[in-house]
Amino acid sequence: MQELHTNALGQLYNPVRQAGSVSPAHWHVLGAGAIGCLFASALRRSGCPATLLLRAGEDQDQATIQVEREGQTTQVQLGASPVSAPGHIGHLLVTTKAQDVHDAVLSVAHRLDASSQVLLLVNGLGFDHTLRTELPAPAYFHGSTTEGAYRLQRRHIRHAGRGVTRIGQPGRDSAPDWFGQWRRAVSPSHWDPLIAETLWLKLAINCAINPLSALHRCSNGELAGPQLAPQVAALCDEVIEVSAAAGFAKVTTHLHQQVADVISATAANRSSMLQDVLAGRSTEIDYINGHLIAVARHYGISTPHNQALYDRIIKLGN
Ligand code: KPL
């Protein structure tokens, strides 16, 4: 009898029949935060081998992830491997903070080659330029997700809200072989031929929400109030101007409304940057407003509102 597996939505399926003769990709995961744990456990539960990559000094070959969802806790057993181990990595999922991507991927460079597929599911933009020059061999993919998960304890997360995951490679219309299995594990996932636009829109929205909420230590919803809404609008205006210069005019046509929609849909949430500031972690500001400012500079555009917020976040010293 064939073994049935459960995908992240709790649906049963037969991985062998659905995947044809393709053996499941073995995913290694760098960055065991909330999203890393969520996707690693979903991949494992759907029948893909999945291994957490451990920092130097951590020495174990098994790891357990606990996922709380709608009051129920599921334990998922995965492989574990120190980054310094020798084995080849065919499929690498990177879910670190933007500022950690470069060093994290380089720490497993000896395990990657031209056949390796590296999926960067990371906030912000511009974190991979140096990496791609220093390590050009693997195929790099980008992703963006609206799945809502947060960390309760180490490798113990709550899956608070279902979202959509988009994956793509700029300039590539069709999905690679591994995407069929990925999609059964992490559902719903879409192959996105316009991933560059998707990532730019996410950046645009994050520029307007993240630093303001982090500086005022307020929930996303408070940005809609009379004191902060004009600042959100001023940030959006600058982002729209830079977007037009950078070839993303269409992406930000409705930016004011899109930002208002995200603020209202996530009203009770703390932005990821506020969470970083409150936890004393470094922020992703260089890869959000910092990236926008760098692109603006390239086109000779001044962005005083984004610059002022950038400077204030940098001054926090995280
Ligand atoms: O992506 C987010 C973040 O916090 O980084 C938003 C959309 C702003 C939700 O909080």
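In this predicted model, isoleucine 313 counts as buried, because 25 C-beta neighbours lie inside 10 Å of this residue, and a residue is classed as buried once 20 or more such atoms are found within that distance. Isoleucine 313 belongs to helix 11, which covers residues 304–316. When residues up to four places away in sequence are left aside, isoleucine 313 touches Pro211, Ala214, Leu215, Thr283 and Ile285.

Of the contacts between residues at least 6 apart in sequence, 67% join residues that are at least 24 apart. Buried residues account for 46% of the 318 residues in the chain, and the secondary structure consists of 11 helices and 13 strands. The C-alpha trace extends over about 60 × 45 × 40 Å along its principal axes. The radius of gyration of the chain, 20 Å, agrees with the value near 20 Å that would apply to a compact globule, because that value is the one given by the rule for a chain of 318 residues.

At the level of domains, the chain is divided into domain 1, which comprises residues 9–193, and domain 2, which comprises residues 197–316. The centres of domain 1 and domain 2, taken over C-alpha atoms, are separated by 26 Å. Contact between the two domains involves 12 residues of domain 1 and 13 residues of domain 2. On the side of domain 1 that touches domain 2, the residues divide by class into three nonpolar, six polar and three charged.

The model also includes a ligand, and the residues around the ligand are Asn123, Ile205, Asn206, Ile209, Asn210, Asn220, Val262, Thr266, Asn269, Ser271 and Ser272. The largest share of this shell, amounting to four residues, is supplied by helix 6, which runs over residues 195–216. By class, the shell around the ligand contains three nonpolar and eight polar residues, while no charged residues are found in the shell.

Technical notes:
Residues numbered from 1 in each chain as written. Predicted model: local features only at pLDDT ≥ 70, side-chain atom pairs only at ≥ 80, totals over all residues. Helix = DSSP H or I, 4+ residues; strand = E, 2+ residues; numbered from the N terminus. Rg over C-alpha atoms; globule rule 2.2 N^0.38 Å. Buried ≥ 20, exposed ≤ 12 C-beta atoms within 10 Å, placed from the backbone. Contact = placed C-beta atoms within 7 Å. Near = placed C-beta within 6 Å. Nonpolar A, V, L, I, M, F, W, Y, C, P; charged D, E, K, R; others polar. Domains from an automatic or database assignment.
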